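Student: I would like to go through this model with you, starting with its open spaces. Could we look at it together?

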Amino acid sequence: MKFNLLIAPDFSPERFAGWHMLNTLLQKRTGLHLHLLTPASHQEQIDMIAKGDVDIIYANPFDATTLIREKGYRVVARPKGKADEMVIATKAEGTFKQLDELKKGCKVAMADNRDVKLIGLRLLEAVDLAESDIEWNITENYQAAAREVIKGNADVGFFLSEVYHGLSRLTLSQLHILIESDLSDITHVVLINDKMAGNQEALQALMSLTDDNDGQEVLAELGINNGFEPMTEEEGEFMIDLMDTLLD
């Protein structure tokens, strides 16, 4: 029996090989046939999930809300000690040096990642900017968003912190951080469907990656050095409530 494992399309490009390494190692340790799905965009992710045959999802917290409440997935794990934070950055040699210098009509470049957008809007509330005050430039990925900021086509960019800090040294030298969030309670999560619920081997193998060198090597490639930990449905609901608070 084949199981499909989908990874949310918001990871840094240098992590791509790590997800393939993880998929291979999980197959080796469980004997399960796991097929890795790496959608290139949020829309492609939606299309893949709509087919109804995605069994395991490494989902961002915003998508997790819909997947749990509307698609029937259940949360089982999360990266240990690895929260989803975001960065608002501008051009290093540009006009803006502080967050409060942004005004109505400012242009924001970002990938199609709604949890990053929600957190960013919360941060901008401190300088009296709302979603309607902003001109949005939605790019294919975060690297493209960085290029838009550097070229002056956007005043600032919204970035997932891990992706931002994983940008090339040349790119980072041309950007300046205005603010970085520090929420700690919002994370990517591992979700499973009912079909996968009866196969605990993959989950057990995921949890035990820190136990040996091969697993630790994979985790290092993923930037998840502390491994994965179990997450209860109650903890999942708490995170969903927090996401709802960001929406309000």
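Student: Which residues lie nearest the centre of the largest pocket?

Tutor: Pro9, Asp10, Ala40, Glu140 and Asn141 lie nearest the centre, among 23 lining residues. On a 1 Å grid over the protein atoms alone, a pocket is an open set of points with protein on both sides within 12 Å along at least five of seven lines, a cavity is a set where a 1.4 Å probe fits but cannot get out, and lining residues have an atom within 4 Å of a point. This is a predicted model, in which local features need pLDDT of at least 70 and side-chain atom pairs count only at pLDDT 80 or more, while totals for chains, interfaces and linings use all residues. Residues are numbered from 1 along each chain as its sequence is written, and side-chain values use heavy atoms, with hydrogens and water left out.

Student: Which elements give two or more residues to the lining of that largest pocket?

Tutor: Helix 2 (42–50) and helix 5 (142–150) do. Helices (H or I, at least four residues) and strands (E, at least two) are DSSP runs, numbered from the N terminus.

Student: What lies nearest the centre of the second largest pocket?

Tutor: Tyr58, Lys82, Asp84, Glu162 and Gly223 do. By class, its lining has nine nonpolar, seven polar and seven charged residues. Ala, Val, Leu, Ile, Met, Phe, Trp, Tyr, Cys and Pro count as nonpolar, Asp, Glu, Lys and Arg as charged, and the others, Gly among them, as polar.

Student: What is the lining of the largest cavity like by class?

Tutor: It has 16 nonpolar, two polar and no charged residues.

Student: Changing topic: at what angle do helix 3 and helix 4 pack?

Tutor: Helix 3 (residues 61–69) and helix 4 (residues 114–124) pack at about 120°, with their axes 6 Å apart. Axes are lines fitted to C-alpha atoms, for helices over the stretch in contact, and angles run from 0 to 180 degrees between N-to-C directions.

Student: Which residues meet there?

Tutor: Pro61, Phe62 and Asp63 in helix 3 meet Arg114, Asp115 and Leu118 in helix 4 (contact means heavy atoms within 4.5 Å).
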